[in-house]
Amino acid sequence: MPTRPLFAENTIRGGASDARRFSFTRAAFTLIELLAVITILSILAALSFVGLGSMRKKADAATCINNMRSTAQGVLAYAADHDGYFPPVNDTPESPYPKPNSW
């Protein structure tokens, strides 16, 4: 029995048009599919921005607490080195906090 080349009938009929039916007919996304993906991504982005705002507030509060703790440790370290006395207070009228004994 003689062997025939694969798709021999395609070469007789014109080849390229018949060979295309064996390939995928869908090569790109449709406009509706792209719009659906963009909509979903924009909704997810909007939800993440809401969550980022509350996380930023928590981060700012943690930074403030850390700064206050560092200042208190510095004042206590000063007091430990100076016989239990706190740092001197600037009581002059030109100072931003002209309150006596502001510690």
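A: Let's start with a definition: helices are DSSP runs of H or I with at least four residues, strands are runs of E with at least two, and both are numbered from the N terminus. Here, L44 lies in helix α3, residues 31-81. This is a predicted model, where local features need pLDDT of at least 70, side-chain atom pairs count only at pLDDT 80 or more, and totals for chains, interfaces and linings use all residues. Residues are numbered from 1 along each chain as its sequence is written, and side-chain values use heavy atoms, leaving out hydrogens and water.

Q: How many helices and strands does the protein have?
A: It has three helices and zero strands, in the order α-α-α along the sequence.

Q: Where is confidence lowest, and where is it highest?
A: pLDDT is the predictor's confidence in each residue, from 0 to 100. The mean for the protein is 78, with 62% of residues at 70 or more. Helix α1 (residues 8-13) is lowest, at a mean of 51, while α3 is highest, at 92.

Q: What span does α3 reach from its first C-alpha to its last?
A: The expected span of a helix is 1.5 Å times one less than its number of residues. With 51 residues, α3 reaches 73 Å, close to the expected 75 Å. D83 follows α3 and has a positive phi, near 55°.

Q: What percentage of the residues count as buried?
A: Buried means under 20% relative accessible area, exposed over 50%, and partly exposed in between, with a 1.4 Å probe and protein chains only. Of the 103 residues here, 8% count as buried.
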